[in-house]
Amino acid sequence: LKSLVDPKMDATPKGSGDGTEKAAASVTADNKRRSSDACILWLLCGVQLIEGIDAGLLGATMHALELDLHLHPVGLSKMLLAQGLFQSASAPVWGMLADTLPRHRLLAASAAAWGLLTASLAVADSFPVIFLLRCAHGVTLASLAPIAQTVIGDIVEADRRGTAFGRLWLAGSFGGFLTRLIGIPIADTTLAFGLRGWRALFGFVAVLSLVVSVLLWRYLGELPRRAGGIIPEGRGQRGWRWECQRVGRVFRIPSFLVLLGQGVFGCVAMNALGFLPMYLMYSGHSSVEVGLIMTFGSIIGIVSPLIGGMLADWLVKPTRCPTSGRPLVAQISSGGFALFFFFLVAGAPLLPAWAITLLFAMKALLAGWVSPGVKLPVLTEVVGPMEQARAVTWLSGLEGSFGALLGAPLVGYLAESVFGYHEVDTHAEQRLYRVENTEALGQSLLWGAVPPLLLQCFVFFPLLHITYRRDTARQAAIAQQAAAQSSEGGPHAPKLASDLSSKTQLASDLSSEAESGGTCSGSAQQEV
């Protein structure tokens, strides 16, 4: 106040100017870091959108490919199977590369590769050429998941990672929805100059992929890694023995094994749902009604991952359930999924179409919570920074493979060999065995989907409540030791320090929390 009256007098204490300037510089640096992180996340969402569009192109253009190139269903199914196998087999290699090489260059190169392959598909004219291109395409598409996993784990705070993963999943789901919405009507048409619609679609997506690759190469700089995520140097540390040690370290983490077990059963249940449209039509609903039901469920499924990620992030705040919020969201998701799916299957022959649509929408709303809200954020906290990509690739590859082998085949076996499903070749036989086949398919769907979901809810996720606490505390101690040994800072040093301090405080509170026997504070229980 005196300085306002007399300008010659300075009310600022001596030496405080330096502190104010340092604080202002720290705030400015933090704002720049947040802006940079937001830009990186938007670029990842753009890549995920293009990947979702690209991955759904083959399914949207199958009918046109059959007419123009004489690719019959058997050949198309072989193509899809080969692409999936190459994608799963190459995922661990991408995980190793993402953990050791500069990720911004790796992501830009993979986007350019799948853009060039998509452009080649637009001019292909024979089945062998398309088959080889789709196999190579599967290899390039496998790069995004491990890179996104490590980037979000490095630049996003632990209590906001569910929302970040939810945005990525939303972008990919929206891309697939756009492909089905626009691609299916255009694929079988002839455009200007005699250009077939499916070739124009492949060419357009190829151009988008190449544009995104250029943007990534131009604007995405070197991505910082968390403490403990320093790329090792030396030829001896990059051999197969070192790689096996890294993978073995991941498989010794209890939370990873729990996530792997629940993922296998979850994929079995999701793959079993492939028979649901067939069952609804046997139950007396028309093909138009079934199509509308599936379309509405797909729209709800687009926003489901974002809702699950935001809900999990809200629960893991320090004042609520920091160590039990994510497993609790997973239990709500799997338990609610099983409940609504049971009512859907049991009531399909009796309920009208609007009621079936409502039940299917509720099922779709709950089904997408586990991966973005629970599985992927938990992996960023219980697995070391140098094993992040390896963990997500091995996890997704194993659970996807077992789910594909046990899901739909299990339902088919139960329907024909256990519940007496009759094979039909004509519409007359379909009407004759309608009641028996409806009951057989319904029983097979329930036994193929509901028990795995209940195992998720009441066996695996309760175990995650226990292992997640211990593994988070262990990883926090390792990260703190690595940060103490590191002599370099960086633009993300404030966030790393904040993460480490919060995790250290969490680790110190675990013993008192375990003694009390509760997982949430009293106020948190009241809020939940």
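These questions and answers walk through a predicted model of one protein chain.

Colleague: How many helices and strands does the protein chain have?
Modeller: The model is predicted, and local features need pLDDT of at least 70. DSSP runs give the elements. The count is 22 helices and zero strands.

Colleague: What share of the contacts with a separation of 6 or more is between residues 24 or more positions apart?
Modeller: Take the contacts in the protein chain with a separation of 6 or more. Residues 24 or more positions apart account for a share of 82%.

Colleague: What percentage of the residues is buried?
Modeller: The protein chain has 528 residues. Buried means under 20% relative accessible area. Buried residues make up 47%.

Colleague: Which residues have the most contacts inside the largest nonpolar core?
Modeller: The largest nonpolar core has 58 residues. A second, separate core has 28 residues, including A272, L276, Y282 and A338. Inside the largest core, the residues with the most contacts are L107, L216 and L379.

Colleague: Which residues does L379 touch, not counting those up to four places away in sequence?
Modeller: L379 is among the residues with the most contacts inside the largest core. Residues up to four places away in sequence are left out of the list. L379 then touches Q149, F256, L259, Q388, A391, V392 and L395.

Colleague: Helix 8 includes Q149 among its buried residues. Is helix 8 largely enclosed by the rest of the structure, or how many of its residues are buried?
Modeller: Helix 8 covers residues 144–155 and has twelve residues. Its buried residues include L144, P146, I147 and Q149. Helix 8 is largely enclosed by the rest of the structure because the number of its twelve residues that are buried is eleven.

Colleague: What distance does helix 8 reach from its first C-alpha to its last?
Modeller: At 1.5 Å a residue, the expected reach is 16 Å. The model is close to that, with helix 8 reaching 16 Å.

Colleague: Where is F193, and what is its phi near?
Modeller: F193 is found in the loop between helix 9 (161–187) and helix 10 (197–219). F193 counts as exposed because its relative accessibility is 90%, over the 50% cut-off. Most residues other than glycine have a negative phi. F193 has a positive value, near 60°.

Colleague: Which residue meets R199 in a salt bridge?
Modeller: R199 lies in helix 10, and its partner lies in the loop between helix 6 (103–122) and helix 7 (127–141), 74 residues apart. R199 is buried, with a relative accessible area of 18%. The N to O distance is 2.6 Å, and the partner is D125.

Colleague: In the salt bridge of R160 and E157, which residue is buried?
Modeller: The side chains of R160 and E157 meet at 2.4 Å, N to O. R160 counts as partly exposed at 39% relative accessibility. A relative accessible area of 12% is under the 20% cut-off, so the buried residue is E157.

Colleague: Which residues are linked with R249 in a network of salt bridges?
Modeller: R249 forms a salt bridge with E387, the closest N and O atoms being 3.3 Å apart. R249 is in helix 11 (residues 240–251), and E387 is in the loop between helix 17 (370–382) and helix 18 (388–418), 138 residues apart. R249 counts as partly exposed at 42% relative accessibility, whereas E387 counts as buried at 5%. The residues linked with R249 in the network are R246 and E387.

Colleague: Which residues make the nonpolar surface patch of about 510 Å²?
Modeller: One of its residues, F458, is found in helix 20 (residues 434–485). F458 is exposed, with a relative accessible area of 61%. The patch is made by L454, L455, F458, V459, L463 and I466.

Colleague: How far apart in space are P254 and L463, C-alpha to C-alpha?
Modeller: P254 is found in helix 12 (residues 254–272). P254 touches T467 and D471, not counting residues up to four places away in sequence. P254 and L463 are 209 residues apart in sequence, yet in space the distance is 9.3 Å.

Terms used. Residues numbered from 1 in each chain as written. Predicted model: local features only at pLDDT ≥ 70, side-chain atom pairs only at ≥ 80, totals over all residues. Heavy atoms only, no water. Patch = residues over 30% accessible without salt bridge, like charges linked within 9 Å, V, L, I, M, F, W, Y side chains within 5 Å. Areas by Shrake-Rupley, 256 points an atom, 1.4 Å probe, with all protein chains shown as cover. Salt bridge = Lys/Arg side-chain N within 4 Å of Asp/Glu carboxyl O. Helix = DSSP H or I, 4+ residues; strand = E, 2+ residues; numbered from the N terminus. Buried < 20%, exposed > 50% of the residue type's maximum accessible area, 1.4 Å probe, protein only. Core = buried A, V, L, I, M, F, W, Y, C linked by side-chain atoms within 4.5 Å. Contact = heavy atoms within 4.5 Å. Expected span 1.5 Å × (residues − 1).
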